[in-house]
Amino acid sequence: MVLDLNRAKTAVRHWADRHPHALLYDEAASTLLDVASGKTTRVPWREFAGFEEKIHPETNDAYLVLLFENGLQIALVDPGGVAFAPATENSGPVPELPPVVCLKDFFALKGRVDHFLYEHPDEPPPRECLDMIMICIATLDGARAVGFDVGDLEGELEKSLSEIESRTK
């Protein structure tokens with residue numbers, strides 16, 4: 001693990017320059033723009049504890065993991081952009097919840113839920129819809145923990161959850 005703050009900032013800038021389809025870095029504002037979601041988060045450099053450059057074992061793609069004193073970690077991954085640990089305070093334990101998620105995962109799962117709900121309006125939603133909603137909740141809670149404003153996404157998810165509830169009564 002590398003503790004040098006200047007090396008970390010340089011590594012983030014270089015990673016973002018090589019992956020502009022996934023992430024944009026505003027060094028002056030210390031913000032990361034997650035391209036898939038269009039959302040930004042501020043990098044808390046004052047709480048910087050270290051970083052690691054890693055290679056994904058399956059894809060051989062390089063990614064960065066930023067570590068902070070409060071225990072939070074942010075990973076810069078392609079194609080996901082900003083990745084983070086999901087948070088389960090509101091969802092509770094969730095089967096098949098991956099240890100690292102990104103907002104791109106949220107959009108993929110939410111799209112699948114909406115497909116079941118709106119492309120098959122006369123059918124009860126399958127049980128897996130509720131599981132996907134719980135993963136989405138944990139993903140949004142994790143995103144909020146690393147500084148993303150996800151209130152609008154929570155509102156959209158609430159609509160889907162209400163639709164599921166109305167069909168299962």
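This is a predicted model: local features need pLDDT of at least 70, side-chain atom pairs count only at pLDDT 80 or more; totals for chains, interfaces and linings use all residues.
As for where it sits, Ser-91 belongs to the loop that links strand 7 (81-84) and strand 8. Setting aside neighbours within four places in sequence, Ser-91 touches Met-134, Ile-137 and Ala-138.

Five strands make up an open sheet, arranged in the order 4-5-6-7-8 with antiparallel pairing. Strand 4 (48-55) and strand 8 (101-102) sit at the edges, each pairing on one side only. Strand 4 runs antiparallel to strand 5 (residues 62-68), and seven bridges join the two. Gly-50, for instance, has Leu-67 of strand 5 as its bridge partner. Helix 1 (residues 5-18) packs on this sheet, where it touches strand 4, strand 5 and strand 6 (73-77). The direction of helix 1 makes about 140 degrees with that of strand 5.

Turning to the helices, helix 2 (residues 103-119) packs with helix 3 (residues 127-145) at an angle of about 155 degrees, and their axes are 9 Å apart. Angles over 145 degrees count as roughly antiparallel, so that is how helix 2 and helix 3 are arranged. Their crossing is left-handed. On the helix 2 side, the residues that meet helix 3 are Leu-103, Phe-106, Leu-109, Lys-110, Arg-112, Val-113 and Phe-116. Their counterparts in helix 3 include Glu-128, Cys-129, Met-132, Ile-133, Thr-139 and Ala-143. Sorted by class, the contact of helix 2 with helix 3 comes to twelve nonpolar, one polar and three charged residues.

Helix 2 also packs with helix 4 (residues 151-167), this time at about 30 degrees and with the axes 11 Å apart. Helix 2 is therefore roughly parallel to helix 4, and the crossing of this pair is left-handed. Helix 2 contributes Leu-103, Phe-106, Phe-107, Lys-110, Val-113, Asp-114, Phe-116, Leu-117 and Tyr-118 to the contact. From helix 4 come residues including Leu-153, Glu-156, Leu-157, Lys-159, Ile-164 and Arg-167. The contact of helix 2 with helix 4 divides into ten nonpolar, one polar and six charged residues.

Conventions:
Residues are numbered from 1 along each chain as its sequence is written. Side-chain values use heavy atoms; hydrogens and water are left out. Axes are lines fitted to C-alpha atoms, for helices over the stretch in contact, and angles run from 0 to 180 degrees between N-to-C directions. Helices (H or I, at least four residues) and strands (E, at least two) are DSSP runs, numbered from the N terminus. Angles under 35 degrees count as roughly parallel, over 145 as roughly antiparallel, 65 to 115 as roughly perpendicular and the rest as oblique. A crossing is left-handed if the near helix is turned anticlockwise from the far one by less than a right angle, and right-handed if clockwise. Contact means heavy atoms within 4.5 Å. Ala, Val, Leu, Ile, Met, Phe, Trp, Tyr, Cys and Pro count as nonpolar, Asp, Glu, Lys and Arg as charged, and the others, Gly among them, as polar. Two strands pair if DSSP finds at least two bridges between them.
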